[in-house]
Amino acid sequence: MIDTHAHLDIIDKEYLPTLIQNAKDAGIKTIITQSVNIPSLTKSLEIAKQYPEIVKFSAGLYPEETLKESDFDELKEFVTKNIQDVFAIGEIGMDFSHPIPSRELQGKIFRKQLDLAQELNLPVSIHTRKAEKEIIEILKEYRNVKKILHCFSGKFKLIKEANEIGCYFSIPTNIVRSEHFQKMASELPKEKILTETDTPFLSPHKDKNNEPAFVVESLKMFSLLWKQLYEDVDKQIDNNYEKVYC
Ligand SMILES: [Zn+2]
């Protein structure tokens with residue numbers, strides 16, 4: 001079992017060892033911790049080095065308010081320096097639900113990070129909100145990059161289009177109560193689906209923060225939707241992960 005998208009750098013330091021142990025006990029083999037800005041790069045890499053048997057580091061700049069153009073140069077420098085520990089590029093993307101950063105800056109940084117992923121032959125985890133159409137247009141130019149749309153909430157016409165240009169979809173654990181994600185899991189080809197938690201967000205349990213161990217809830221849901229044995233679903237998702245990331 002794999003969690004392709006978590007934010008371990010924002011987990012309470014006291015709780016992190018328990019979270020890691022819970023993941024191991026649940027049978028999680030890999031957690032990819034996604035960074036979102038410059039300070040998060042260092043923190044996330046530290047955690048990956050602390051738990052090398054289970055945590056992999058993904059380097060990226062998220063379209064948050066403080067994003068500035070020079071951040072990309074810092075990211076590139078960081079990635080070059082730590083290249084042997086960089087497993088993927090993410091979390092990157094575009095989000096037009098707020099006016100800042102400008103659409104222009106977001107697009108520029110997004111493309112630069114895709115260029116970097118292409119150059120290094122690394123998969124990318126992509127966030128998008130209210131920019132789904134624009135993202136897909138840009139991704140059409142990056143046929144050779146392994147593209148994972150994380151927690152994609154776009155319309156089904158866009159999901160179909162993204163699938164046709166070779167995107168993968170990491171479906172979060174809140175699938176247990178999201179008709180949208182249940183429909184996605186039912187309609188997309190099974191080989192295009194990956195699992196993620198977006199820890200500590202998107203928990204399947206209303207009263208608990210999310211954690212990688214809860215991927216098991218997504219597999220149970222896939223098993224129901226696909227009318228397949230849990231073990232077979234588990235194997236399918238593991239195979240998909242290996243195809244994209246290994
Ligand atoms: Zn995320």
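## Zinc site

Along the chain, the donors of the zinc ion follow the spacing H-x1-H-x83-E-x106-D. The model described here is predicted. Its zinc ion is coordinated by His-5 through NE2, His-7 through NE2, Glu-91 through OE and Asp-198 through OD, at 2.1 to 2.4 Å. Glu-91 and Asp-198 link distant parts of the chain, being 107 residues apart. Glu-91 belongs to strand S4 (residues 86-95), while Asp-198 sits in the loop between strand S8 (193-196) and helix H8 (215-226). Both of these residues, Glu-91 and Asp-198, are buried.

What arrangement do the 4 donor atoms form around the zinc ion? The arrangement is irregular, because the angles they subtend run from 86 to 174 degrees. Four donors count as tetrahedral only if all angles lie between 85 and 135 degrees. For comparison, the ideal angle for four tetrahedral donors is 109.5 degrees.

## Cis peptide bonds

Most peptide bonds are trans. The bond from Gly-90 to Glu-91 is cis, with omega near 5 degrees. Glu-91, in strand S4, is also one of the residues that coordinate the zinc ion.

Another cis peptide bond joins Ile-100 and Pro-101, where omega is about -5 degrees. Pro-101 lies in the loop between S4 and helix H4 (103-120).

## Positive phi angles

Most residues other than glycine have a negative phi. Lys-130 is not a glycine, yet it has a positive phi of about 55 degrees. Lys-130 is found in the loop between strand S5 (124-129) and helix H5 (132-139). Its relative accessibility is 59%, so Lys-130 counts as exposed.

Leu-202, also not a glycine, has a positive phi of about 55 degrees. This residue is located in the loop between S8 and H8. Leu-202 has a relative accessible area of 24% and is therefore partly exposed.

## Helices H7 and H8

How do the axes of helix H7 (residues 179-187) and H8 cross? They come within 10 Å and cross at roughly 60 degrees, which makes H7 oblique to H8. The crossing of the two helices H7 and H8 is right-handed.

On the H7 side, the contact is made by Gln-182, Ala-185 and Ser-186. On the H8 side, Met-221, Phe-222, Leu-225 and Trp-226 take part.

## Two residues and their surroundings

Ser-170 is found in strand S7. Is Ser-170 buried or exposed? At 1% relative accessibility, Ser-170 counts as buried. The C-alpha atoms of Ser-170 and Leu-194 are separated by 4.4 Å, although the two residues are 24 residues apart along the chain. Leaving aside neighbours within four places in sequence, Ser-170 is in contact with Thr-4, Ile-148, Leu-149, His-150, Cys-151, Leu-194 and Glu-196.

Arg-177 is found in the loop between strand S7 (168-172) and H7. At 43% relative accessibility, Arg-177 counts as partly exposed. Not counting residues up to four places away in sequence, Arg-177 touches Gln-182, Ser-203, Pro-204, His-205 and Lys-206. One of these, Gln-182, also belongs to the contact between H7 and H8. Another, Pro-204, is 27 residues from Arg-177 along the chain, and the C-alpha atoms of the pair are separated by 7.5 Å.

Notes: Residues are numbered from 1 along each chain as its sequence is written. This is a predicted model: local features need pLDDT of at least 70, side-chain atom pairs count only at pLDDT 80 or more; totals for chains, interfaces and linings use all residues. Side-chain values use heavy atoms; hydrogens and water are left out. Donors are N, O and S atoms within 2.8 Å of the metal (3.2 Å for Na, K and Ca); water is not among the atoms, so sites may look incomplete. Four donors count as tetrahedral if all angles lie between 85 and 135 degrees; four count as square planar and six as octahedral if opposite donors are over 155 degrees apart and all others between 65 and 115; anything else is irregular. Helices (H or I, at least four residues) and strands (E, at least two) are DSSP runs, numbered from the N terminus. Buried means under 20% relative accessible area, exposed over 50%, partly exposed in between (1.4 Å probe, protein chains only). Axes are lines fitted to C-alpha atoms, for helices over the stretch in contact, and angles run from 0 to 180 degrees between N-to-C directions. Angles under 35 degrees count as roughly parallel, over 145 as roughly antiparallel, 65 to 115 as roughly perpendicular and the rest as oblique. A crossing is left-handed if the near helix is turned anticlockwise from the far one by less than a right angle, and right-handed if clockwise. Contact means heavy atoms within 4.5 Å.
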